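Please consult the sequence and structure as you read.

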Amino acid sequence: MNTLAIDIGGTKLAAALINAQHEVLQRMEIPNPSNAMPEALKQALAELVEPYQGKAQRVAIASTGIIDKGILTALNPDNLGGLNQFPLQATVENLTGLPCVVLNDAQAAAWAEYCYLSTQFKHITFITVSTGVGGGIVVNGELLTGPRAFAGHIGHIQADPNGPRCGCGRVGCIEAIASGRAIAAGALQDLEGKNAREIFAEAQSGHSQAQQLVARSAQAICQLIANLKALLDTECIVLGGSVGLAQGYRQQVEQHLSTLPAAFHVPIYSAHYQHDAGLMGAALWSEHYAV
Ligand SMILES: [Zn+2]
């Protein structure tokens with residue numbers, strides 16, 4: 001059985017055929033229409049699935065946002081504009097005529113990473129540190145999605161009650177301190193206007209303010225991991241996302257974690273499925289639930 005896997009991100013839409021051996025075949029990507037209107041997304045999805053007609057028996061979607069009962073919503077509705085309350089599952093089922101499952105992209109990535117590690121662990125937490133901070137939690141071999149699909153939105157755990165306001169409306173969320181966007185927003189003087197990637201490069205070449213911005217992010221993620229360990233007794237952390245996978249970042253988080261009491265220590269791995277995590281996770285999850 002082949003699964004058509006789709007990954008809906010903020011800037012691009014990706015699709016791939018995933019076969020029974022979990023090989024990624026016939027991958028393609030198109031830009032996500034930036035005008036955030038339902039008709040534009042529907043048209044883009046039609047373009048994306050068209051080459052796969054007749055080749056798959058089911059569809060699995062990983063998407064940014066909160067995916068509650070097949071409908072795309074957002075913690076901050078302004079982020080999605082006209083796409084808030086978009087009926088993602090029904091739209092793709094109508095376009096393809098196939099059964100379809102939909103879940104949040106970080107939850108999907110967590111499931112992919114869990115499947116990769118499942119011979120070693122039954123309790124893992126995936127953390128993505130990228131433009132934002134997201135996550136997915138697997139407890140006793142089951143993906144925790146929650147009754148409103150909100151489980152794992154760990155970027156919105158508070159890190160600092162006096163910190164900056166987060167896009168979700170809360171003050172001092174992890175995301176408002178540790179994300180790529182937050183790293184860039186904290187840049188002053190000669191770093192002002194640089195993006196997170198450029199600030200990482202400056203940090204690598206010894207720029208002290210850049211090093212402080214990266215260290216502040218890594219410290220916030222370390223505290224998040226300690227909180228997750230206390231809350232879930234998670235057996236391992238998998239770190240992904242462009243910041244999470246940046247050179248030296250995981251080692252910084254590990255260094256901070258090693259200074260905490262031993263009860264909070266937990267092994268940290270870099271994500272195995274990098275850019276295909278959403279696609280692979282959605283496909284594996286649809287198999288698990290056998291739609
Ligand atoms: Zn928040």
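**Helix packing and a zinc site**

In this predicted model, the axes of helix α4 (residues 105-117) and helix α11 (residues 277-289) cross at roughly 75° and come within 7 Å. Residues are numbered from 1 along each chain as its sequence is written.

Q: What makes α4 roughly perpendicular to α11?
A: Angles of 65 to 115 degrees count as roughly perpendicular. The axes of α4 and α11 cross at roughly 75°, so α4 is roughly perpendicular to α11.

Q: Which residues of α4 meet α11?
A: With contact meaning heavy atoms within 4.5 Å, the residues of α4 that meet α11 include Trp111 and Cys115. Among their counterparts in α11 are Trp285 and His288.

Q: Which atoms coordinate the zinc ion?
A: Donors are N, O and S atoms within 2.8 Å of the metal (3.2 Å for Na, K and Ca). His156 (ND1), Cys166 (SG), Cys168 (SG) and Cys173 (SG) coordinate the zinc ion at 2.0 to 2.4 Å.

Q: Why is the arrangement around the zinc ion called tetrahedral?
A: Four donors count as tetrahedral if all angles lie between 85 and 135 degrees. The four donor atoms subtend angles of 105 to 122°, so the arrangement is tetrahedral.

Q: Is His156 buried or exposed?
A: Buried means under 20% relative accessible area, exposed over 50%. His156 has 15%, and is therefore buried. Cys173, at 0%, likewise counts as buried.

Technical notes: This is a predicted model: local features need pLDDT of at least 70, side-chain atom pairs count only at pLDDT 80 or more; totals for chains, interfaces and linings use all residues. Side-chain values use heavy atoms; hydrogens and water are left out. Four donors count as tetrahedral if all angles lie between 85 and 135 degrees; four count as square planar and six as octahedral if opposite donors are over 155 degrees apart and all others between 65 and 115; anything else is irregular. Buried means under 20% relative accessible area, exposed over 50%, partly exposed in between (1.4 Å probe, protein chains only). Axes are lines fitted to C-alpha atoms, for helices over the stretch in contact, and angles run from 0 to 180 degrees between N-to-C directions. Helices (H or I, at least four residues) and strands (E, at least two) are DSSP runs, numbered from the N terminus. Angles under 35 degrees count as roughly parallel, over 145 as roughly antiparallel, 65 to 115 as roughly perpendicular and the rest as oblique.
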